[in-house]
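Please work through the following exercises with the sequence and the model open side by side. Each task is followed by a solution that goes step by step.

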Amino acid sequence: NFHFQNYVMQNYLNLYLNFFIMAEFIMFLLKCFYLMLPAYFANMAPVMVKKINLFVFPIDFNRKINNNPILGKNKTFRGLIFGIVFAIIITYLQFLLYKIEFFKNISFINYQNWLLFGLLIGLGALTGDLVKSFFKRRLGLKPGAKFVPFDQTDFVVGALVFIMPIFDLTLKIFVTSLLLSFILHIIVNHIAFYLRIRNEKW
């Protein structure tokens with residue numbers, strides 16, 4: 001009888017520990033997702049504002065290297081400006097929501113520095129995308145051509161590198177954000193493709 005009770009107790013303890021570990025892991029994923037939210041919006045901005053007829057001129061001013069565009073006509077000041085604006089708006093909302101206990105619990109930072117954080121994470125996300133486009137053009141890849149896994153992670157690396165001066169970035173946060181964003185990026189782009197928001201699945 002004692003052995004049976006001990007066995008039951010051990011099973012309950014293992015179940016509790018597994019649940020606790022899983023809950024902790026899900027919470028960490030949520031915190032990484034919430035941290036990267038401004039970067040996600042910055043990265044989506046060029047597609048979301050493509051019908052707005054403002055600042056529609058290429059960042060590379062149509063210059064070429066070895067007869068290939070530096071970045072390509074799709075990389076415009078419109079996408080860059082609206083991307084940064086979107087990121088700043090999201091960080092401001094995160095600053096306002098920080099007063100609510102739930103949002104405080106899923107935040108790595110208190111967002112007091114929301115303007116600078118939004119500027120850096122937005123600029124970083126878009127810079128990461130521009131750097132990838134530069135290398136795609138050097139490799140002779142056309143805009144929209146698959147470049148896995150860089151298409152899914154360029155903006156994440158850029159965003160995280162740019163916020164490093166004001167955010168204590170750990171390897172755990174970096175790797176988790178990278179993997180999480182890679183998976184989410186594929187899912188979101190496929191949904192956008194089938195909804196005819198995007199022209200490419202990837």
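**Exercise 1.** Describe how the axes of H5 and H6 cross, and which residues meet.

*Solution.* In this predicted model, the axes of H5 and H6 come within 8 Å of each other and cross at roughly 145°. The next step is the hand of the crossing, which is right-handed for H5 and H6. Turning to the residues, H5 contributes Asp-151, Gln-152, Thr-153, Phe-155, Val-156, Val-157 and Leu-160, and these meet Phe-174, Ser-177, Leu-178, Ser-181, Phe-182, His-185 and Ile-186 of H6. Sorted by class, this contact of H5 with H6 comprises eight nonpolar residues, five polar residues and one charged residue.

**Exercise 2.** Are H4 and H5 parallel, perpendicular or oblique to each other, and which residues make the contact?

*Solution.* Helix H4 (residues 114-138) and helix H5 (residues 150-163) pack at an angle of about 140°, with their axes 7 Å apart. Roughly antiparallel would need an angle over 145 degrees and roughly perpendicular one of 65 to 115; H4 and H5 are therefore oblique to each other. The passage of H4 across H5 is right-handed. On the H4 side the contact is made by Phe-117, Leu-120, Ile-121, Leu-123, Gly-124, Ala-125, Thr-127, Gly-128, Asp-129, Lys-132 and Lys-136, and on the H5 side by Phe-150, Asp-151, Asp-154, Phe-155, Gly-158, Ala-159, Phe-162 and Ile-163. By class, the contact of H4 with H5 holds ten nonpolar, four polar and five charged residues.

**Exercise 3.** Carry out the analysis for H2 and H4, and state how many charged residues their contact has.

*Solution.* Helix H2 (residues 77-97) packs against H4 at an angle of about 140°, and the two axes are 8 Å apart. That angle makes H2 oblique to H4, and the crossing of H2 and H4 is right-handed. The residues of H2 that meet H4 include Gly-79, Gly-83, Ala-87 and Phe-95, while those of H4 include Trp-114, Phe-117, Gly-118 and Leu-126. By class, the contact of H2 with H4 has 13 nonpolar, five polar and no charged residues.

**Exercise 4.** Is Asn-110 buried, partly exposed or exposed, and what is in contact with this residue?

*Solution.* First locate Asn-110, which lies in the loop between helix H3 (101-105) and H4. Its relative accessibility is 36%, so Asn-110 counts as partly exposed. When its neighbours within four places in sequence are left aside, Asn-110 is in contact with Phe-95 and Tyr-98.

Note on methods:
Residues are numbered from 1 along each chain as its sequence is written. This is a predicted model: local features need pLDDT of at least 70, side-chain atom pairs count only at pLDDT 80 or more; totals for chains, interfaces and linings use all residues. Side-chain values use heavy atoms; hydrogens and water are left out. Axes are lines fitted to C-alpha atoms, for helices over the stretch in contact, and angles run from 0 to 180 degrees between N-to-C directions. Helices (H or I, at least four residues) and strands (E, at least two) are DSSP runs, numbered from the N terminus. Angles under 35 degrees count as roughly parallel, over 145 as roughly antiparallel, 65 to 115 as roughly perpendicular and the rest as oblique. A crossing is left-handed if the near helix is turned anticlockwise from the far one by less than a right angle, and right-handed if clockwise. Contact means heavy atoms within 4.5 Å. Ala, Val, Leu, Ile, Met, Phe, Trp, Tyr, Cys and Pro count as nonpolar, Asp, Glu, Lys and Arg as charged, and the others, Gly among them, as polar. Buried means under 20% relative accessible area, exposed over 50%, partly exposed in between (1.4 Å probe, protein chains only).
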